[in-house]
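Subject: Structure handover

Hello,

Here is the structure you are taking over. Some notes on what was found in it follow below.

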Amino acid sequence: MQRRQFLSRSLAASTGAALGASFAPLVHAQGALTPLKFTLDFRVTSQTSPFFLALAKGYYRDEGLDVRIDVGAGSVASITRVASGAYDLGLGDLSSLAEFQSQNPTAPVQAIYQYYQRAPFVIIGRRDRGITEDFLSLKGKRVAAAAVESTRRCWPMVARALQTGPDLFEWVTTDFSARDNVVVRGDVDAATYFHDSAVSLFARMPPKDLAVLDYGRAGLHLYGNALLAGRLLQEKPEAARAFVRASHRALREALANPDEALAAVKAREPILNMDVERERWAIARQYLAPPDLPPGALGRVQPTVLGRQLDEAATVFQLAAKPAPERVFNPGFLPAAGAKGTA
C-alpha cells in the first residue's frame, strides 16, 4: 500500500522524467491543494489510462487538486465506496446506481460524467461448444460470471429485448480472476466480460475460436460506468467540477493520441504488457467514444436514452421506486461548452 500511495503521488514527476518536459506539471499558485480519493472500477489498465494521464501531466494539480487513485473491486462496489464517504469519487455502473438510489433514497451519490458511452457488456463463448454471435446459441449452455457484476445483472435486459427467458442458459458463479481459466479449460461454455477486459482471454485462446456477443446487438443502448461523486458535490462542488474538467481534458487527449496515456499507466503499473494494453485500449475506445457519438457529447447523456435505461432497470431489478433521471445523472458538473479541453 505504501508503494502504491507513493507511486500515485509521485507519478507526475516520474513520468515527466521518463517522457520529457511535456509531462512536467505546473505548480498551482493558489496555495494548498484539495486532497481527493478516487476509486477505479477494477485494476489499473489502459481502460482508465486517461485518469493517469491527467495525473501525470499535472492537470489535477493545475486545478488545485491532490488526487489519489486506487484500484477498485468491481463496478458495483464503487457505488458503496463513494456513498459511504470512503472515497470522494469513483467509477460505477449506471444501472446499478439507479438500483442503489432506489434502495437508499437519501444517499448523496450521483453520476456526474458518463465515462462509457456504451456499456462494454459481452458474453464470450467457445465456438467449439456451438456458440455463435447469435444469443440464442447460448441455450442450455454454462456461462461463468462473478456473483455481483454488471454484465451478469443486466442480462435480463438482453433477454427482454430478445423476447426470450432470462434462464436461457445456466449461470456458473466464478471469481473475476478465474473466468479465463474456466473458459480455457472448458469447465464452462462461455463467460461474461467487459469487452475491453477480455484481452487476457484473447491472449490464451485464438480470437477466431471465440464468439463475442455484444449486448448492443440485442438493440440495447446502455450507458456503462460513469464517474460518481457523493458528499463532495455538496461540500466541495468546485473540486468536483475541477476533477471533471481535468479528466475530460485527458480523455480527449487519450482518444486523439493514446501514447502518452499508455505511458502514464505503464508508469503506475510497470508490470503491464503494453502490447496487451494497446489492444485493450483499442477495444475500450469503441465504447468510450463510439463512432455515432454526436459532437460535444463526450461525458454527457441523452435524456431519452437514459430514461429508457432507467425503465429497464426498474423492471429487471424490480425497483420499488424508479429514481428520476436528474437524480441519477447530475449534468451540473460537466465542463462548460467551449472551456479548455472540451469538445
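Is Phe51 buried or exposed? With a relative accessible area of 3%, Phe51 is buried, because the limit for buried is under 20%. Please keep in mind that this is a predicted model.

Aromatic pairs

The structure holds 15 aromatic pairs. In one of them, the ring centres of Phe51 and Phe243 are 6.4 Å apart and the planes stand at 20°, so this pair is stacked. Phe51 belongs to helix α2 (residues 49-56) and Phe243 to helix α11 (residues 237-256), so the pair links distant parts of the chain, 192 residues apart. Phe243 is also buried, at a relative accessible area of 0%.

Phe121 and Phe194 form a tilted aromatic pair, with 5.5 Å centre to centre and 45° between the planes. Phe121 is in strand β5 (residues 121-126) and Phe194 in strand β8 (residues 190-194), so the pair ties together parts 73 residues apart in sequence. Both Phe121 and Phe194 are buried.

Charges over rings

Lys37 lies over the face of Tyr87, 4.6 Å from the ring centre. Arg153 has its charged end over the ring of Phe317, at 4.4 Å from the centre of that ring.

Helix packing

Helix α7 (residues 155-162) packs against helix α14 (residues 303-316) at an angle of about 105°, and their axes are 10 Å apart. That angle makes α7 roughly perpendicular to α14. On the α7 side, Pro156, Met157 and Arg160 take part, and they meet Glu312, Ala313, Thr315 and Val316 in α14. The residues of this contact divide into 4 nonpolar, 1 polar and 2 charged.

Regards

Key
Residues numbered from 1 in each chain as written. Predicted model: local features only at pLDDT ≥ 70, side-chain atom pairs only at ≥ 80, totals over all residues. Heavy atoms only, no water. Axes fitted to C-alpha atoms, helices over the stretch in contact; angles between N-to-C directions. Helix = DSSP H or I, 4+ residues; strand = E, 2+ residues; numbered from the N terminus. Parallel < 35°, antiparallel > 145°, perpendicular 65-115°, else oblique. Contact = heavy atoms within 4.5 Å. Nonpolar A, V, L, I, M, F, W, Y, C, P; charged D, E, K, R; others polar. Phe/Tyr/Trp six-rings, centres within 6.5 Å; stacked < 30°, edge-to-face > 60°. Buried < 20%, exposed > 50% of the residue type's maximum accessible area, 1.4 Å probe, protein only. Lys NZ or Arg CZ within 6 Å of the ring centre and 35° of its normal.
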